[in-house]
Amino acid sequence: EKMTWKPSDYDLKWSRELFSSLKDGGIWKFSTGMMGMPIGNTNATFTKRGDGMVLTDIHIENFAEQPCLMDRIDKAKICFSKLGIPCKTTNSANTIFVDMVSKK
């Protein structure tokens, strides 16, 4: 299923400013938590590498949040790509953690 989401001007401006603020090797970590809330245990990490961004870590603590996390990863890639910033999200993660034993 292909994502049809289109970034707003705000999304693009925010993504450009985020990318500009990171030094090479700098990380951006986000979670499935609500805006303004602390980062939850289900999260993803992008690392700035040269002129692009690479998805370097996926941590899924709550399996129910996995679709939301993957959606946010796809949206980030769309924003970076639209800005001409290469963004690698496939076969790029150094670590992927999925907690299969947590209770609900």
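Modeller: What follows is a set of questions on the labels, each answered from its value and its cut-off.

Colleague: What kind of model is this, and what is the mean pLDDT of the protein chain?

Modeller: The model is predicted. The mean pLDDT of the protein chain is 87, and 88% of the residues reach 70 or more. Confidence is highest in helix α1 (residues 9-21), at a mean of 97. It is lowest in strand β5 (residues 95-98), at 76.

Colleague: In what order do the elements of the protein chain run?

Modeller: From the N terminus they run α-β-β-β-α-β-β. That makes two helices and five strands.

Colleague: Why is the pair of W28 and F46 called stacked?

Modeller: Two values decide it. The ring centres are 5.7 Å apart, and a pair needs them within 6.5 Å. The planes meet at 25°, and under 30 degrees counts as stacked, so the label is stacked.

Colleague: Where in the chain do W28 and F46 lie?

Modeller: W28 is in strand β1 (residues 27-31) and F46 is in strand β2 (residues 43-49). They are 18 residues apart, and the pair links distant parts of the chain. Both residues are buried. They also belong to one aromatic cluster, together with W14, F30 and F80. The count of aromatic pairs comes to six.

Colleague: How do you know that the charged end of K48 sits over the ring of F19?

Modeller: The charged end of K48 is 4.1 Å from the ring centre. The distance limit is 6 Å, with a further limit on the angle to the ring normal. The charge is assigned as sitting over the ring.

Colleague: Why is G26 called buried?

Modeller: Its relative accessible area is 16%, and buried means under 20%, so G26 qualifies. G26 is placed in the loop between α1 and β1. Beyond its sequence neighbours, G26 is in contact with F46, T47 and K48.

Colleague: What makes K13 and E17 a salt bridge?

Modeller: The N to O distance is 2.8 Å. The cut-off is 4 Å, so the pair counts. Being four residues apart in helix α1, K13 and E17 are separated by about one helical turn.

Colleague: Why does D57 have no salt bridge?

Modeller: The nearest side chain of opposite charge is K29, 5.4 Å away. A salt bridge needs 4 Å or less, so D57 has none. D57 is found in strand β3 (residues 52-60). Leaving out residues up to four places away, D57 touches N43, A44, T45, A93 and T95.

Colleague: Why is R16 called partly exposed?

Modeller: R16 has a relative accessible area of 35%, between the 20% and 50% limits, so the label is partly exposed. R16 is found in helix α1. Its contacts beyond four places in sequence are L83 and I85.

Key
Residues are numbered from 1 along each chain as its sequence is written. This is a predicted model: local features need pLDDT of at least 70, side-chain atom pairs count only at pLDDT 80 or more; totals for chains, interfaces and linings use all residues. Side-chain values use heavy atoms; hydrogens and water are left out. Rings of Phe, Tyr and Trp (its six-membered ring) pair if their centres lie within 6.5 Å; planes under 30 degrees apart count as stacked, over 60 as edge-to-face and the rest as tilted. Buried means under 20% relative accessible area, exposed over 50%, partly exposed in between (1.4 Å probe, protein chains only). A charge sits over a ring if NZ of Lys or CZ of Arg is within 6 Å of the ring centre and within 35 degrees of the ring normal. pLDDT is the predictor's confidence in each residue, from 0 to 100. Lys and Arg count as positive and Asp and Glu as negative; His and the chain ends are not counted. Contact means heavy atoms within 4.5 Å.
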